[in-house]
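This report describes aromatic contacts, charges placed over rings, and strand pairing. The sequence and the model are shown below.

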Amino acid sequence: MINNAAISRVLRQIAYLIELEESHDNDTNKNKSNAVFKIRAYRRTADVIENLSSNVEEIYNKWKLKGLTEIPSIGKAIASKMEEYITTGKIEYFEELKKRTSINVDEFYHLEGIGIGPRTVKTLHERLGIKDLSELEKAAKEGKIHILPGFSYKKEESILRKIQSFKKGRGRYLLGDIYPIVKQIEVRLSNLRGVKKAIAVGSFRRMKETVGDIDYLVSSDTPEIVMDYFASMPEVDEVIGKGPSKTFVKLNNGMDADLLVVPKESFGSALQYFTGNKEHGVALRKIAISRGLRLNEWGLYDSNTDGIVAGSKEEEVYDILGLEWIPPEMRENNGEIKLAKKERTNESNNLKLPDLINYNDLKGDLQVHSNDTDGMISIRDIALAAKEKFGLEYIAITDHTKNLALTHGLDEAGLLNQANKISELNDEIKNHSKNSNNKSDSGSGSSNDRFRILSGAEVNILKDGSLDISNNILDKLDVVGAAIHSNFTQPVEVQTDRLIKASKNPSVDIIFHPTGRIINKREGYPVKIEKLFSVAQDTNTILEVNAHYNRLDLKDEYIRMAIQNDVKLAINSDAHHYVHFAFLIFGIGQARRGWAKRSDILNTLSVDKMLNSLK
DNA sequence: GCCGTTTTCGGCCCGACTGTTTTCAGTCG
């Protein structure tokens, strides 16, 4: 399967090569400007494909060219080049472009995005004959670049630094890995003198599973104080740029961080400007133009009078553009703008934005591990923390079962023992909370009274789709999750059949981490996901949104598809220690990115209702 | 090359920062 990144890379290189050629000849202005837009079109398509959650080859296999051209920004010309790439592994046009230059595009196009673009490379090629990265580095080290017109010592040094930085590698960070430090800096910025508001925007605010760099937006009338602080934070390795309203730094974890400071009159428009993905932003600015307005980070302006129409509040910006406020997690230009339109037409009559699940809507967690197997703490400790530190009303202990030997998985007797132990603990906790409630005389019955530990298991789906624990034992447990932990490299049909057989098993309530992916590390095993959705719907099998930030499985696009297929979901932490309950926000964020409502998520229900709605 | 509530031609989102450009090009998000 060709991944989107590969196709995106080819398109980006095509754009790069056209741009290199473009500055060669002395075309008329007309042709030049056409080339500019052609380059832009290839880049835009590369962006779109890179951010697409569906695989383009799958789209092509299913709907051929028509499927490709239905993706926004992709027309006939680029679609047929993509088709050529998918079916033959090559694009003739791309090969010709490569033949016409000796510059190593495959190396140089990486430097785009870190300040060395095609025009600079072209000049260096013409003046010094530089063809690849090692020649560029050599020339910079030998001081051959700064003597060229239009260059300087500073530029030469900057080229060297950027090559070093590129060699170190630049990837996307897992949201959960950077979340604590991003929030910490956000709090410190908020507490600075003169700061009214400080917030991390961009893909972080959209709760995207991976984040490339981090953007802070601050409202203050004294920007210099904020920017001086930002540039001198202990985490800052290097200040890359600093102007009157923006500062760019590199943090010591390798991540780029940008800061924008605006007056409070512009905070809402800046929030809007820097939160949505690029396409969402472009779409909004086009709507502005169509209404005789102009939108930028400083405000929404009347094009004729230049007077400001909105800016301090994000809601106002959306409102004046005729849109409902769109939750950040949805701002990906995936159809949310159409749903947000206030003006109802025949076509959009019954379309509106979904009322997304909120970050405090989960009442329980249906995948929790204890030190009976590979968890780190006891059932009692993790349960008490779930109740007292995280305000949950129930958790299900779903330890691994016997076939997963490396976790010391439980056998039938072990599961029944554990279920008995849980029953005793429930009695104890009940008494404990009664006593503490009496002491504090807290009046009306709090959620404490209702806390409950559920017995359960995470059983293994074996190679043939059967389970490693018999049904008569599983039926004695409150919640049964099933998951694939072995034989990852089966053909798609086999893998899908395993999951379907498990879903059809009357003892299985939930399929845990249904695709088995580990973000940035492991692709999930191949699954015909629509088939699984259809069986899950038929059999009332819950699919999990695993909230651990390295899984987030199901992913956002699949969540959206599952909901469209009336499949119920559960958001679970997969906690092996009570600190892991903090991961639930990532699962909720992912569910919101998949447009999930509260009613789509099983564990927003109270424990009895939740148990009643299982098979 | 893409696209359509000025629909098959003629436009195409917008501003900040850097460098050496004293009026702008290159690059980024």
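## Aromatic pairs and cluster

In this predicted model, the structure holds 10 aromatic pairs. One of them joins F583 and F586, with 6.2 Å from centre to centre and 35° between the planes, a tilted arrangement.

F583 counts as buried because its relative accessibility is 14%, under the 20% limit. F586 is likewise buried, at 5% relative accessibility. Both residues belong to one aromatic cluster, which is formed by Y179, F204, Y549, F583 and F586.

## Charges over rings

K81 is placed over the face of Y93, at 4.9 Å from the ring centre. The ring of Y558 has the charged end of K555 over it, 4.8 Å from the centre of that ring.

## The parallel sheet

An open sheet is built from seven strands in the order β11-β12-β13-β14-β15-β16-β17, with parallel pairing. In general, the strands of a sheet pair through backbone hydrogen bonds, either parallel or antiparallel.

Within this sheet, β14 (residues 479-483) and β15 (residues 510-511) run parallel and are joined by two bridges. Which residue of β15 does G481 stand opposite? The residue facing G481 is I510.

Key:
Residues are numbered from 1 along each chain as its sequence is written. Chains are lettered from A and ligands numbered from 1 in the order in which they are written. This is a predicted model: local features need pLDDT of at least 70, side-chain atom pairs count only at pLDDT 80 or more; totals for chains, interfaces and linings use all residues. Side-chain values use heavy atoms; hydrogens and water are left out. Rings of Phe, Tyr and Trp (its six-membered ring) pair if their centres lie within 6.5 Å; planes under 30 degrees apart count as stacked, over 60 as edge-to-face and the rest as tilted. Buried means under 20% relative accessible area, exposed over 50%, partly exposed in between (1.4 Å probe, protein chains only). A charge sits over a ring if NZ of Lys or CZ of Arg is within 6 Å of the ring centre and within 35 degrees of the ring normal. Two strands pair if DSSP finds at least two bridges between them. Helices (H or I, at least four residues) and strands (E, at least two) are DSSP runs, numbered from the N terminus.
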